[in-house]
Amino acid sequence: NYQNALSSCFMGATQALWEPLEARESLVESEIEPLKNITLFDPEAQVEVAFLNAVESGRRLARDLAGTNPERFAPPGFADYCLQQLHNSAVELQIIDDQDFIEKEYPLLAAVARASKQVTRHQARVVNMQYVGEGPIDKTLILIGKGVTYDTGGADVKTGGHMAGMSRDKGGAGAVAGFMKTLAEYKPKGLKVMASLGLVRNSIGADCFVADEIINSHAGVRVRIGNTDAEGRLVMADLLSHGREKAKGEVAP
């Protein structure tokens with residue numbers, strides 16, 4: 001019943017010891033996170049330390065991405081931090097920043113991002129990542145991450161204080177990026193993983209998408225908007241459609 005107890009304790013300890021990215025930068029990381037080592041005592045040697053370290057490394061990246069302020073990690077900043085953290089690793093990363101291309105290939109995502117397009121630092125990004133393990137591939141995973149870096153609700157604006165905390169609507173993309181970081185460090189064999197992050201800011205403005213609008217998706221399905229605060233499914237739908245196409249030529253997708 002308790003075969004994962006030691007691993008769980010390690011994960012709980014490392015989460016409790018974590019300090020936010022801005023705090024580590026402004027208050028000196030070595031002082032506010034002073035621990036250098038955690039020793040695990042396991043007489044049956046069932047815990048794989050390399051695995052735990054890789055998982056925690058991914059969790060740290062996910063927490064940093066999800067918890068950091070919405071101006072720093074608006075879509076361009078979020079994408080660039082992923083690139084920085086995965087540079088020269090076992091994960092290949094591509095950032096799509098061409099707004100015309102995004103509008104053509106990811107029309108639902110582009111609709112959500114429409115009101116933010118005029119602000120350069122808020123412009124949408126699509127991040128594609130790929131990991132290919134050593135040896136024959138036995139299984140392929142395709143992951144999609146929702147990265148709404150700030151969710152005002154759009155035309156269906158959040159009211160009554162409900163906008164607070166909406167910088168964390170990028171947690172899905174943070175989790176997927178963190179998973180890719182874990183793969184980059186642990187390097188499991190026989191596994192291929194393709195991940196896509198849809199990074200947008202659901203802004204309010206004269207050009208924002210509105211309820212009753214009908215938009216043609218990448219899959220060729222017409223989508224009628226019922227509420228602009230239900231933007232996450234729009235951000236992910238085009239990515240899923242692209243993922244479906246990628247899956248056709250893969251092993252056990």
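I began with the largest pocket: helix 4 gives the most to its lining, with six residues. This is a predicted model, where local features need pLDDT of at least 70, side-chain atom pairs count only at pLDDT 80 or more, and totals for chains, interfaces and linings use all residues. Residues are numbered from 1 along each chain as its sequence is written, and side-chain values use heavy atoms, without hydrogens and water.

I noted the terms. Helices (H or I, at least four residues) and strands (E, at least two) are DSSP runs numbered from the N terminus. A pocket is an open set of points on a 1 Å grid over the protein atoms alone, where a 1.4 Å probe fits, with protein on both sides within 12 Å along at least five of seven lines; lining residues have an atom within 4 Å of a point.

Back to the largest pocket. I found 19 lining residues, with Phe10, Thr14, Leu35, Lys36 and Ile38 nearest its centre. Helix 1 (5–17) and helix 4 are the elements that give two or more residues to this lining.

Which of its 24 residues touch the most other members? They are Leu65, Phe78, Met129, Met180 and Leu197. Helix 8 gives the most to this core, with six residues.

Technical notes: Core = buried A, V, L, I, M, F, W, Y, C linked by side-chain atoms within 4.5 Å. Buried < 20%, exposed > 50% of the residue type's maximum accessible area, 1.4 Å probe, protein only.
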